[in-house]
Amino acid sequence: MRFFACLLALGLVVACTNEGSADTSSETETESGNDDVGSSESSSETTAADTSTDTDGVPDCTPGAWGCICGEGGSCAPDLVCTDGKCTFSDCNAGFDGCPCEEGGLCNDGLFCIEGTCGCQPGALACGCIDGACDGDLSCIADECWLMSPYPNCGWIAANEYYYCGSILAHPDYPIECPADLVVGMPCPPELTFIGCCTATDTWWCQDGVIATMAC
């Protein structure tokens with residue numbers, strides 16, 4: 001009787017052992033399968049990243065296009081200019097000072113097309129001197145061509161385009177001499193405008209229709 005009991009107990013132990021082995025094997029296979037899926041996904045992402053190429057963030061950059069390198073001879077698409085080897089939009093309007101000349105080498109009034117760029121003609125009024133010399137009656141003053149003011153402390157203020165204290169220049173298109181008999185606060189004569197004029201001691205101009213002055 002004891003013998004059969006022992007056999008029965010031995011059979012239960014073997015069965016339990018086999019069942020545990022089957023579960024462990026199943027778990028191992030499942031975990032192994034998950035690792036393969038993760039590896040596949042990682043490989044796919046790496047491949048996608050490797051195949052994406054661009055030039056400075058612009059896919060398939062064609063020379064001459066915006067943001068791309070300039071074309072042959074520094075050429076770019078219309079409305080673009082070649083700056084530092086790349087094509088960008090230009091803040092310059094053709095024909096203006098320091099900007100490219102218009103078609104046919106044309107520039108705005110008072111400017112000349114010099115080597116493809118609009119600017120001052122050397123020797124002309126308000127332009128650079130030529131070896132210290134200027135055209136006509138103009139004098140080379142501070143490396144620019146101007147008329148000299150006949151007054152020591154009143155003349156043309158180029159930045160503001162009027163006569164005022166603190167300048168030694170004169171503009172040939174605007175008389176620097178003042179009309180006679182100017183009286184502060186009186187109506188402006190036709191010869192006096194906001195551009196003003198100079199005397200040996202003062203500057204005069206028309207402000208809101210009446211005569212104004214300041215001692216220089």
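**Rings, Sheets and a Pocket**

Good morning, colleagues. At 21% relative accessibility, Y162 counts as partly exposed; the bands are under 20% relative accessible area for buried, over 50% for exposed, and partly exposed in between, with a 1.4 Å probe and protein chains only. The model is a predicted one, in which local features need pLDDT of at least 70 and side-chain atom pairs count only at pLDDT 80 or more, while totals for chains, interfaces and linings use all residues. Residues are numbered from 1 along each chain as its sequence is written, and side-chain values use heavy atoms, with hydrogens and water left out.

Let me turn to the aromatic residues. A search of the whole structure gives 5 aromatic pairs. A pair here means rings of Phe, Tyr or Trp (for Trp, the six-membered ring) with centres within 6.5 Å; planes under 30 degrees apart are stacked, those over 60 are edge-to-face, and the rest are tilted. One of these pairs joins W156 and Y163 edge-to-face, at 5.2 Å centre to centre and with 75° between the planes. W156 counts as buried because its relative accessibility is 4%, and Y163 is likewise buried, at 1%.

Y162 and F194 form another edge-to-face pair, with 5.8 Å between the centres and 90° between the planes. This pair links distant parts of the chain: Y162 belongs to strand β8 (residues 162–165), whereas F194 is in the loop between β9 (169–170) and β10 (197–198), 32 residues apart. F194 has a relative accessible area of 48%, so it is partly exposed. Through ring pairs, Y162, Y164, F194 and W205 are linked into a cluster.

Next, the strands. How many bridges join strand β7 to β8? There are 4, and the two strands, β7 covering residues 154–157, run antiparallel. Strands are taken to pair if DSSP finds at least two bridges between them. Within this arrangement W156 stands opposite Y163 in β8, and these are the residues of the edge-to-face pair at 5.2 Å. The two strands form a hairpin with 4 residues between them, and E161 in the turn has a positive phi of about 60°.

With 7% relative accessibility, S167 counts as buried. Setting aside neighbours within four places in sequence, S167 is in contact (heavy atoms within 4.5 Å) with Y151, P152, N153, C154, G155, W156 and I157.

In one, 3 strands are ordered β5-β6-β9 with antiparallel pairing. β5 (139–141) and β9 stand at its edges, each with a single partner strand, so one side of each lacks a neighbour in the sheet. β5 is joined to β6 (residues 144–148) by 3 bridges, and W146 in β6 is the bridge partner of S139.

In the other sheet, 3 strands follow the order β10-β11-β12, again antiparallel. Here β10 and β12 (210–215) are at the edges; each has a single partner strand, so one side of each is left without a neighbour in the sheet. Between β10 and β11 (residues 202–207) there are 2 bridges, and C198 stands opposite T203 in β11.

I close with the pocket. Which residues line the largest pocket? They are L125, A126, W146, W156, A158, E161, H171, D173 and Y174. On a 1 Å grid over the protein atoms alone, a pocket is an open set of points where a 1.4 Å probe fits, with protein on both sides within 12 Å along at least five of seven lines; lining residues have an atom within 4 Å of a point. The volume of the largest pocket is about 220 Å³, taken as the space filled by probe spheres set on the points, which are joined across faces, edges and corners. Its lining divides into 6 nonpolar, 1 polar and 2 charged residues, where Ala, Val, Leu, Ile, Met, Phe, Trp, Tyr, Cys and Pro count as nonpolar, Asp, Glu, Lys and Arg as charged, and the others, Gly among them, as polar.

H171 counts as buried, at 13% relative accessibility. Not counting residues up to four places away in sequence, H171 touches L125, W146, L147, W156 and Y163. Thank you.
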